[in-house]
Amino acid sequence: LRVAGPVQRARSGQRLAVMDIGALQWRLDRVGKLSRVDLKLRSGVDRAAFQRALTADLERTWPGRFTVGQPNDADQESRTENMSRAYRVNLTVLALVALFTGAFLVFSTQALSVMRRRSQFALLRVLGFERGQLLRQVLLEGASLGVAGSLLGIGAGYALAATALHYFGGDLGAGYFPGIRPQVAFTPGAAIVFFGLGLGVALLGCLAPAWEAARARPAVAIKSGADEAPLSRLARVWPSLACLKIAALFAFAPPVFELPLFGYLAIALLLVGGIGLMPRFAAVTFRALEALLAKKRQPMPVLALSLGRLANAPGQASIALGGILASFSLMVAMGIMVSSFRVSVDDWMGHILPADLYLRTVDAGGTGYLSPAQQAALTALPGVQQIQFLRTRRVSLAPERPPVVVIARDIDVRDPARLLYLVGASAPIPAGARPAWVSEALLDLYGARVGQTLRLPLGGAETPFFVAGAWRDYANQSGSVVIQLADYRQLTGEGAVTDAALWTLDDVDAATLETRLRALPFGAALTFMRPGDIRAASLKIFDRSFAVTYLLEAIAIAIGLSGIAASFSAQTLARAREFGMLRHVGVTRRQVLQLLAFEGGLLTGLGVIAGFVLGLVISLILVFVINPQSFHWTMGLHLPWPLLGSVAAVLVAASVATALVSGRQALSGGPVRAVREDW
């Protein structure tokens, strides 16, 4: 075909070509066939009333065969948005999760800062500082952090977005918008919203510590040793248990507007409830360990001191534990979800790609095909042991949704599981019925059910098919239906196919067969794929699609490490007087550092264990609730033990190192100077 010129006013990334309809029907062997009819109405005709009347007439004459819509881009844009909506919503929720983790980091930092200066605030109250003034001072500190962090975050966010769009495209490699290269556009409204979110999170994070500092009694707060008193409210169990119970109810709730909103709320409540249980969990665990250590005959004084403090100061321990729990549990949940999805996709491809070589004419069977003569040439090719043909075609079952892919292939009705990854129970096929196997998306989006009838627009009419089973299809998010190739040919009268799967003889390898195929007269128009190459390319696309997830996991780990460093540093520096007193009673500098190392390791170890349990529960919601409700397919559960173990080891090592570094700084002033600062 000769290109005559460009099409004006096409949308960004839109791929289309305009051609004379007669020439198109002739060259593409579609003589007498149309896919759409456009009507120009007379002036003054009500389009909505005309559309209703025409729809009613068509339904009476050809029920279910035609859909009527007004000529605008709204339907196309709506279908495109529906395809990527779940993906975009999941990315937004991941960003909100990172924001939540940052909010807890602000809370832990502010709480430790206020607790460290508790006696100073009490002295200010004694000297005449009013409660409201003290509250405004702490809130002003948090607002200052929020303003600076939000401005830096907006700049870094736009820079990361520009980098991601440059290297991965607008869909981050997911394949929703092929050929489109969007540019980052700075929108002041969105930037103001982002700034408000950052500032609001900072203020919320410091609100509770500020309120506690303002309402504390000066006579009690000014005394040394009252640091644990303001954290006593954290040990309340009933709010956390209530959050966990509500989360359990939300986990089984249906989607809202085809989005797993209750699933997201369940994850948020699980995080809040899990963090709220940390003070009680830490106290019970460390007291049990202290009791076990007391039964040992060989004394371990440094470890006993560590367990004694952790058991009797669970509030301060829970602040550090909360940051570890939030970051590690989210990392565990996302790691398990991504790993489960990747392993499931790999297993699925291994099941549906049993042949030695695959060839295709065109994606989705739009225009290219293999004629009956070409099919016969492929069947007679030397070295071919078995060949199966496949025909794909897109049909519309609902005008507001993307088209559904109809896959007609040679399939054994007695054993469809040889070629399809079946899920759930199958139904016996009634005599004389045309069988069909629907993807999981058809079950969710169109209400198809195994054992019932599904009507497909084929051959100029709606034909009933018996739904014999459901299968897992990761290739078509909008849905697919598998039918027998013989039924498709009988209904449409088409003998052409788009794909072929070839099995070679034992003495012929795939490379030799591919060479023979390329030598055919039509071999240059074919695309050849081996199962290993298809799996490698698909997994590469998968990894690119989830690259942003890996990035957010790394950010969560970085936030966790920052939280550990901030918590241990603040607590260690606040305990300088305690360390000075220990030095006075005979504890050496080395033993104090060992004490801090034990505390850091024990706290992080407990946080890692609790975070793994909580992350595993969250991953179950992600795998079995959010993923099916968002993308309409299921997956198996797979735990990436190497990744989880390595991240846990990094967290424990980082906490021990932070505790040692902070301890050296706290001990640098000497014991006399440390205790002299006591009130």
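**Figure 1. The Gln629 side chain reaches the backbone oxygen of Ala253 at 3.2 Å.** This is a predicted model. Gln629 is found in helix H20, which covers residues 589-631. Is Gln629 buried or exposed? Its relative accessibility is 15%, so Gln629 counts as buried; the cut-off for buried is under 20%.

**Figure 2. Phe257 has a positive phi in the loop between H8 and H9.** Helix H8 spans 238-251 and helix H9 spans 261-276, with the loop between them. Phi of Phe257 is near 55 degrees. Why pick out that value? Most residues other than glycine have a negative phi. Phe257 is a residue other than glycine, yet its phi is positive. Is Phe257 buried or exposed? Phe257 has a relative accessible area of 66%, so it is exposed. The cut-off for exposed is over 50%.

**Figure 3. Helices H8 and H9 pack with their axes 8 Å apart.** The angle between H8 and H9 is about 160 degrees. The two helices are therefore roughly antiparallel to each other, a label used for angles over 145 degrees. H8 passes H9 in a left-handed crossing. Which residues of H8 take part in the contact? They are Ser240, Cys243, Leu244, Ile246, Ala247, Phe250 and Ala251. On the H9 side, the residues include Phe262, Leu265, Ala266, Leu269, Leu270 and Val272. Glycines of H9 also take part, among them Gly263, Gly273, Gly274 and Gly276. By class, this contact has twelve nonpolar and five polar residues, with no charged residues.

**Figure 4. Helices H19 and H20 come within 10 Å of each other, axis to axis.** H19 covers residues 576-584, and H20 covers residues 589-631. Their axes cross at roughly 135 degrees. That makes H19 oblique to H20. The crossing of H19 past H20 is right-handed. Which residues meet here? From H19 come Phe579, Leu582 and Arg583. From H20 come Arg589, Val592, Leu595 and Leu596. The residues of this contact divide into five nonpolar and two charged, with no polar ones.

**Figure 5. His632 sits in the loop between H20 and H21.** Helix H21 spans 641-666. Phi of His632 is near 65 degrees. That is a positive value in a residue other than glycine. Is His632 buried or exposed? Its relative accessible area is 10%, so His632 is buried.

**Figure 6. The Ser344 side chain reaches the backbone oxygen of Ser340 at 2.7 Å.** Ser344 is found in helix H12, residues 314-352. Ser344 has 7% relative accessibility, so it counts as buried. Which residues does Ser344 touch, leaving aside its neighbours within four places in sequence? They are Tyr474, Met635 and Gly636.

**Figure 7. Leu123 and Pro218 are 7.0 Å apart in space, C-alpha to C-alpha.** In sequence, Leu123 and Pro218 are 95 residues apart. Leu123 lies in helix H4, residues 118-126. At 30% relative accessibility, Leu123 counts as partly exposed.

**Figure 8. Leu41 lies in the loop between helices H1 and H2.** H1 spans 21-27 and H2 spans 47-61. Leu41 has a relative accessible area of 26%, so it is partly exposed. Leaving aside its neighbours within four places in sequence, Leu41 is in contact with Arg47 and Phe50.

**Figure 9. The whole protein has 22 helices and ten strands.** How much of it is buried? Of the 679 residues in the protein, 42% are buried. Now take the contacts between residues at least 6 apart in sequence. Of these, 79% join residues at least 24 apart.

Notes. Residues are numbered from 1 along each chain as its sequence is written. This is a predicted model: local features need pLDDT of at least 70, side-chain atom pairs count only at pLDDT 80 or more; totals for chains, interfaces and linings use all residues. Side-chain values use heavy atoms; hydrogens and water are left out. Helices (H or I, at least four residues) and strands (E, at least two) are DSSP runs, numbered from the N terminus. Buried means under 20% relative accessible area, exposed over 50%, partly exposed in between (1.4 Å probe, protein chains only). A polar contact is a pair of N or O atoms within 3.5 Å; within protein, one must be able to donate a hydrogen and the other to accept it, and residues adjacent in sequence count only if both atoms are side-chain atoms. Contact means heavy atoms within 4.5 Å. Axes are lines fitted to C-alpha atoms, for helices over the stretch in contact, and angles run from 0 to 180 degrees between N-to-C directions. Angles under 35 degrees count as roughly parallel, over 145 as roughly antiparallel, 65 to 115 as roughly perpendicular and the rest as oblique. A crossing is left-handed if the near helix is turned anticlockwise from the far one by less than a right angle, and right-handed if clockwise. Ala, Val, Leu, Ile, Met, Phe, Trp, Tyr, Cys and Pro count as nonpolar, Asp, Glu, Lys and Arg as charged, and the others, Gly among them, as polar.
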